[in-house]
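Reader: I'd like to learn how to read a fold from its coordinates. Could you take me through this one?

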Amino acid sequence: MAIDFTDQVVLVTGAGAGAGLGYSCAVAFANGVISLASDLSSFSTGSLLEVDGGWNAI
Amino acid sequence: MSRMLNKIAIITGAASNPGLGYSTVMRFAEEGAKLVITDIDMVGLAAVEKEITAMGAEVLAMEQNVVDEQRWQEVIDATVERFGGLDVLVNNAGIAVLKPINEYTQADYNLQMDVNLRSVFLGCQKAVPAMKDSGGGSIVNMSSVAGMRAMAAVSVYGMAKAGVQILSKCVAIEHAADGVRCNSLHPGLIETNIQNDARRDNPEGHAQLGTMVPLGRMGNPEEVANCVLFLASDEASYVTGAELVVDGGLIAG
């Protein structure tokens with residue numbers, strides 16, 4: 001089940017580079033698979049999430 | 001219904017409703033997972049099994065005391081035998097023994113540490129080989145903001161939850177090359193059966209709890225389950241050894 005972004009207005013900056021994070025976010029929003037920006041994380045705020053393959057876990 | 005399609009997942013502490021395990025089971029079932037649900041409460045577990053079977057989910061329900069090492073192996077083996085592998089483990093089962101340090105007995109201490117920390121170690125230890133055989137997997141360990149901030153009357157509970165956090169990082173590092181991810185999730189004040197007990201015992205004090213949270217309310221179990229879903233799914237494929245706080249901003253200050 002894709003996340004429903006119907007009628008939500010999303011601003012993604014730095015979205016131009018094809019291999020960049022902004023571009024990937026824009027594509028992900030279009031596909032409805034962004035968890036942290038969606039209501040799925042409605043009780044998570046002021047938190048940080050590392051996306052580093054375990055780099056900072058050491 | 002595709003974010004967990006055909007993924008084989010074990011969720012412990014699945015019977016208590018409202019609870020984090022129950023909500024995670026529901027969310028995973030909605031997303032197409034094949035589920036192994038465990039608990040010591042077989043009456044509650046049977047009700048959950050019936051509910052998700054009616055949703056069309058494939059499910060195996062097993063009685064499990066998570067401090068029993070042999071039973072862990074039996075649960076893993078039964079999972080592999082029934083579904084052919086193991087992709088996800090959610091170490092959710094836990095208890096809260098909350099009292100001032102001077103009032104803790106050795107039995108209190110041992111019970112809290114066994115159920116909330118040693119069980120998680122056992123689950124990770126027993127699950128990883130099956131996940132390796134399945135080509136990788138994701139472990140989500142239920143910790144707490146109590147493992148990140150000191151609070152009165154929460155000493156041993158917090159110690160156990162802090163242990164879960166560092167254990168999760170160690171599992172992540174040791175088994176990254178095996179394709180096994182491991183993260184901890186840290187809920188704050190959530191409306192579960194544990195909170196229902198607190199509300200009954202102290203309704204006025206309990207009513208004030210939500211005002212402590214920057215979002216102005218306690219969280220719902222479903223809001224935690226959604227974040228478990230994210231960490232368990234392939235959407236979090238580069239997230240390992242991390243902790244995700246789900247507390248309405250409670251410890252951000």
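Reader: What share of the contacts in chain B with a separation of 6 or more comes from residues 24 or more positions apart?

Author: Happy to start there, and please keep in mind that this is a predicted model. In chain B, 76% of the contacts with a separation of 6 or more join residues 24 or more positions apart.

Reader: How do I judge the overall dimensions, and what would a compact globule of 253 residues have as its radius of gyration?

Author: Compare the chain with the globule rule. A compact globule with 253 residues would have a radius of gyration near 18 Å, and chain B agrees because its value is 17 Å. Along the principal axes, the C-alpha atoms of chain B fill a box of roughly 50 × 40 × 35 Å. As for burial, 51% of the 253 residues of chain B count as buried.

Reader: Which residues have the most contacts inside the largest nonpolar core?

Author: The general idea comes first: in soluble globular proteins, nonpolar side chains tend to be buried together. Here, the largest nonpolar core has 75 residues, and those with the most contacts inside it are B:Ala9, B:Val25, B:Leu35, B:Ile37, B:Val228 and B:Leu231. Take B:Ala9 and leave aside its neighbours within four places in sequence: its contacts include B:Met4, B:Phe28, B:Leu35, B:Asp87, B:Val90 and B:Ala232.

Reader: Where can I see a covered helix, and how many residues of α8(B) are buried?

Author: Eleven of the twelve residues of α8(B) are buried, so the helix is mostly covered, given that a residue counts as buried with 20 or more other C-beta atoms within 10 Å. Among them are B:Glu223, B:Asn226, B:Val228 and B:Leu231. Helix α8 of chain B runs over residues 221–232 and reaches 16 Å from its first C-alpha to its last, close to the 16 Å expected at 1.5 Å a residue. Its buried residues pack against β1, α1, β4, β5, β6 and β7 of chain B.

Reader: What covers the buried residues of α5(B)?

Author: The cover includes α4 (106–133), β5 and β6 of chain B. Helix α5 itself has 21 residues, 155–175, and spans 30 Å between its first and last C-alpha, close to the 30 Å expected. Its buried residues include B:Tyr157, B:Lys161, B:Val164, B:Lys169 and B:His175.

Reader: Which backbone torsions deserve a look?

Author: Begin with omega: the peptide bond from B:Asn17 to B:Pro18 is cis, with omega near 10°. B:Pro18 sits in the loop between β1 and α1 of chain B. Then turn to phi, which is near 65° in B:Asn6, a positive value in a residue other than glycine. B:Asn6 lies in the segment before β1 of chain B. B:Ala153 also has a positive phi, near 70°, and is placed in the loop between β5 and α5 of chain B.

Reader: Is B:Asn6 buried or exposed?

Author: B:Asn6 is exposed, because it has 12 other C-beta atoms within 10 Å. B:Ala153 has 14 other C-beta atoms within 10 Å, so it is partly exposed.

Key. Residues numbered from 1 in each chain as written. Chains lettered and ligands numbered in written order. Predicted model: local features only at pLDDT ≥ 70, side-chain atom pairs only at ≥ 80, totals over all residues. Core = buried A, V, L, I, M, F, W, Y, C linked by C-beta atoms within 7 Å. Contact = placed C-beta atoms within 7 Å. Helix = DSSP H or I, 4+ residues; strand = E, 2+ residues; numbered from the N terminus. Expected span 1.5 Å × (residues − 1). Rg over C-alpha atoms; globule rule 2.2 N^0.38 Å.
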